[in-house]
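Work through these exercises with the model open beside you. Try each task before you read its solution.

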Amino acid sequence: MKADEKAVNTGIHFMDGDSACCEGAIAAGCRFVAGYPITPSTEVVELIAQRFPKIGGIFIQMEDEIASSIAISGASWAGAKAMTVTSGPGFSLMMEHIGYAVMTETPCVFVNVQRGGPSTGLPTLPGQQDIMQCRWGSHGDYEVIALSPNSPQECFDLTIQCFNLAEKYRVPVFLMMDECVGHMSERVVIPPADEIEIEPRHYTEQAPGEFSPYNDMEGLVPRTTKAGDGHNILVTGLTHDDRGYPDMSANTHQVLVDRLIKKIRHSADDIIILEEDDVDGADIVVVSYGISSRVATRGVRMAREKGLRVGMLRLVTVWPFPENRIRELADRIEAFVVVEMNQGQIMREVQRCSEGRAQVAGVLNYGGAIHPPEEIYQTIAGVSS
Amino acid sequence: MTESVVTDHTKQETISADQNRVELCEKNPAEDFLRMDRIPHIWCPGCGIGTSVNAFVRALIEAKVDRSKLCVVSGIGCSGRVSGYLNVDAFHTTHGRAIPFATGLKLANPELTVVVYSGDGDLSAIGGNHLVHAARRNIDIKVVCVNNFIYSMTGGQAAPTTPMGTIASTAPYGFCEYALNLPHFVEACGATYIARWTTFHVRQLQKSMQESFAKKGFTFIEVIAPCPTLYGRRNQYRQGVDEMKMFKEVSRREKDIETRDAEIKPGEKIVIGKFVDRERETWLESMQHHYKEVLGDAYYPYTGAMI
Amino acid sequence: MKDSKMATAEKKERQSRGNVNINKDRCKGCGFCVEFCPTHALRFSEDFNALGYHYPVRLEEAACTGCDQCGAFCPDFAIFGYRYKSHT
Ligand SMILES: Cc1ncc(C[n+]2csc(CCOP(=O)(O)OP(=O)(O)O)c2C)c(N)n1
Ligand code: SF4
Ligand code: SF4
Ligand code: SF4
């Protein structure tokens with residue numbers, strides 16, 4: 001399926017990441033956005049509010065983030081591609097509905113333009129401290145998908161990708177931006193609509209009476225329907241059987257949660273996007289994502305100038321975590337250097353996967369500012385000696 | 001006749017001998033709208049939630065609501081289980097969030113008839129903020145709020161609707177807060193239709209539900225219902241029927257009732273009836289009018305967000 | 001004695017404009033129907049149903065109008081009233 005020509009803002013633009021995210025959502029077919037203002041994400045919904053009346057969409061400013069995060073599930077079950085946009089404190093309020101979307105297999109997109117936390121923290125400054133929160137913030141075991149753009153162009157591209165993945169896997173997908181990426185302006189190329197590939201919703205062809213929201217499988221992902229199509233579906237956040245009926249037994253729970261996890265894990269290769277630069281010949285691999293990866297690249301360049309064999313691995317997809325790739329590398333490199341604006345949330349993932357076979361160092365801060373490239377260089381130099 | 005009929009045999013013969021005299025005796029009319037494979041339901045003997053569902057289903061039939069476009073959304077609680085027993089598009093959401101879920105559903109596809117069916121604690125405590133704003137925005141959803149004076153599902157803790165002085169598990173010596181007057185509250189917020197009945201007033205309740213289907217905008221029907229297990233027994237109503245008798249006795253339907261007189265205090269009258277029936281543009285209508293006016297041809301008429 | 005009781009029952013039945021359908025095994029014995037039937041046409045059974053509750057039975061000596069008040073009350077969808085098509 002292709003994007004809607006009337007809506008796509010085709011052309012070469014100079015725009016910030018927040019605007020690019022908005023344009024990406026529109027191109028992806030999103031016509032329902034519920035949000036609550038919060039710095040530094042507000043620009044996304046402000047632009048949505050300008051654009052939607054002219055392309056036939058609904059923007060509603062809800063009473064809080066709890067409402068926004070469940071309104072998108074409602075809209076999704078009505079058949080819309082739906083998104084909410086927030087930042088740290090708002091993201092904290094949304095956690096219950098991440099779990100709800102996971103459990104009910106509701107495609108939807110959460111955008112988090114990260115700022116420094118905890119609490120109100122640093123409203124206008126960047127952070128990457130919500131990476132673990134989007135992975136584990138809701139209670140229970142589950143898997144989600146999270147992408148992390150490092151430029152306004154990627155804010156556009158990956159927002160589309162988020163919507164496509166959400167449809168393909170019937171799962172909430174996160175665009176983990178940060179204040180820097182959101183507010184920096186760069187060249188953004190928006191292609192013609194017929195060059196933008198859109199994942200349609202995978203609707204069932206079963207007749208009413210036969211179909212239930214969890215029995216028409218396409219691999220591990222069930223085909224779906226929408227409200228008003230006559231299927232009389234029952235959707236619940238309770239543990240349910242494949243009719244959607246509540247069944248509170250350990251066995252049904254095991255079967256359900258196992259599938260919810262495996263439908264993502266078993267497709268990790270299809271989902272994960274990594275950007276690698278000279279990783280194969282490297283002794284040291286720098287791992288980073290989002291805005292941190294841009295300064296990390298400079299640190300890597302400085303190290304290479306000093307003759308060090310340093311590769312760069314950028315996580316475009318943060319979740320599911322590229323466990324296999326890290327394991328492979330751990331077997332043959334000396335060290336990983338993880339650059340991120342938090343106290344080691346991804347660094348610990350790298351440690352977990354390298355299982356002591358490679359040294360792991362972090363260039364970490366508390367958010368608020370991107371790292372000086374020198375600091376990254378020094379850490380690289382430190383581990384190499 | 002179905003095998004399960006229990007009645008005098010001589011009489012049964014009389015009836016079957018003259019089929020013409022029999023209008024409807026095969027099936028409970030409610031069954032059409034229920035997921036019969038989930039009945040018996042989980043509600044206790046004498047629980048009023050089932051009675052309210054009975055009125056609701058009868059209202060659906062009478063009002064000829066297009067079932068394929070009907071969605072029922074619930075939060076969490078004993079009352080929140082209602083959606084799961086109805087054979088329509090049913091959504092059992094999270095505690096307190098049925099209204100914002102329903103808002104998304106309704107706005108994304110305006111052709112749907114969206115009902116929110118949930119408990120007093122769910123809608124007015126944890127979900128209170130959403131109640132305020134959905135009524136204020138006049139989102140076209142029909143709210144049925146089962147008020148059993150207590151948090152039942154979790155074991156009888158006090159709710160914002162627990163009458164002052166009555167016993168709850170978290171108020172073992174009696175609850176000392178003022179109870180929320182729900183009709184008054186939603187009137188101030190902007191609901192277009194507000195009624196309160198008890199489960200003793202099933203017919204009136206059914207009629208109000210029918211009326212609410214014909215009404216556009218945010219409607220709110222409070223159904224006062226017995227919870228013998230967790231409210232009644234602690235407060236001298238041993239069984240559901242005892243609480244029903246109390247409802248019968250103390251309910252008052254007066255002329256020109258106003259919501260501000262609808263506060264519920266133990267041992268005092270319960271004001272019932274239709275309080276509000278007014279017209280206001282719905283959120284979608286006013287959005288459409290407004291954009292047409294200010295944007296002219298640039299406005300792309302919204303019909304739904306479905307892909 | 002017995003005969004005259006039967007006669008009363010028959011007379012009442014002739015006066016009945018309707019009847020009830022009771023699905024006894026769905027009943028949870030709450031008593032709403034028995035308590036609030038306008039013509040007091042129901043009583044509780046002596047025995048128990050599958051769920052272990054006393055369920056309603058029609059009292060022969062009272063007339064049922066088929067008003068379905070019992071059906072409207074029943075929280076368990078176990079009873080409903082219906083009117084005969086034409087009352088002669
Ligand atoms: C976020 C959250 N907090 C608390 C609960 C526990 N909980 C479940 S139902 C309920 C109260 C329900 O009361 P009410 O809405 O009055 O419904 P009732 O059970 O009385 O019908 C509570 C507190 C929950 N499920 N989720
Ligand atoms: S606990 Fe109360 S509200 Fe819940 S099912 Fe039992 S009687 Fe009904
Ligand atoms: S139908 Fe009416 S009269 Fe007959 S038993 Fe039921 S409530 Fe009584
Ligand atoms: S109202 Fe229903 S559940 Fe209650 S006693 Fe009568 S038949 Fe049984």
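**Exercise 1. Ligand 1**

How many residues surround ligand 1, and which are the closest? Then find its place among the chains and its polar partners.

Solution. This is a predicted model: local features need pLDDT of at least 70, side-chain atom pairs count only at pLDDT 80 or more, and totals for chains, interfaces and linings use all residues. Residues are numbered from 1 along each chain as its sequence is written, chains are lettered from A and ligands numbered from 1 in the order in which they are written, and side-chain values use heavy atoms, with hydrogens and water left out.

Step 1. Count the shell: a residue belongs if one of its heavy atoms lies within 4 Å of the ligand. For ligand 1 the count is 17 residues. The closest are Cys78(B), Ser79(B), Asp120(B), Gly121(B) and Asp122(B).

Step 2. Ligand 1 sits between chains A and B.

Step 3. Look for polar contacts (pairs of N or O atoms within 3.5 Å; within protein, one must be able to donate a hydrogen and the other to accept it, and residues adjacent in sequence count only if both atoms are side-chain atoms).
- Ser79(B) uses its side chain: an N or O atom there is 2.5 Å from an oxygen atom of ligand 1.
- Cys78(B) uses its backbone, with an N or O atom 2.8 Å from an oxygen atom of the ligand.
- Ile150(B) has a polar backbone atom 3.0 Å from an oxygen atom of ligand 1.

**Exercise 2. Ligand 2**

Describe the shell around ligand 2 by class and by element.

Solution. Step 1. List some members. Among them are Trp43(B), Cys44(B), Cys47(B), Cys78(B) and Cys227(B).

Step 1. Sort by class. Ala, Val, Leu, Ile, Met, Phe, Trp, Tyr, Cys and Pro count as nonpolar, Asp, Glu, Lys and Arg as charged, and the others, Gly among them, as polar. The shell has eight nonpolar residues, three polar and no charged.

Step 2. Find the main element. Helices (H or I, at least four residues) and strands (E, at least two) are DSSP runs, numbered from the N terminus. Helix 9 (residues 228-232) of chain B gives the most, with three residues.

**Exercise 3. Chain B against chain A**

Solution. Step 1. Compare the pairs, taking contact as heavy atoms within 4.5 Å. Two pairs of chains touch, and chains A and B have the most contacts. Chains A and C have none; their closest C-alpha atoms lie 19 Å apart.

Step 1. Count residues. On chain B, 46 residues are in contact with 50 residues of chain A.

Step 2. Take the buried area (accessible area, 1.4 Å probe, that two parts lose on being put together, summed over both). Between chain B and chain A this is about 3800 Å², and carbon and sulfur atoms give 63% of it. His92(B), Tyr300(B) and Ile307(B) supply 17% of the area that chain B buries here, more than any other three residues.

Step 3. Look for salt bridges (a side-chain nitrogen of Lys or Arg within 4 Å of a carboxyl oxygen of Asp or Glu). Two cross this interface. One of the bridges joins Glu63(A) and Arg137(B), at 2.8 Å from N to O.

Step 4. On the side of chain B that touches chain A, helix 4 of chain B gives the most, with seven residues. By class, that side has 23 nonpolar, 14 polar and nine charged residues.

Step 5. Check strand pairing (at least two DSSP bridges between two strands). Strand 12 (residues 234-236) of chain A and strand 2 of chain B run parallel, joined by three bridges. Leu234(A) has Ala90(B) as its bridge partner.
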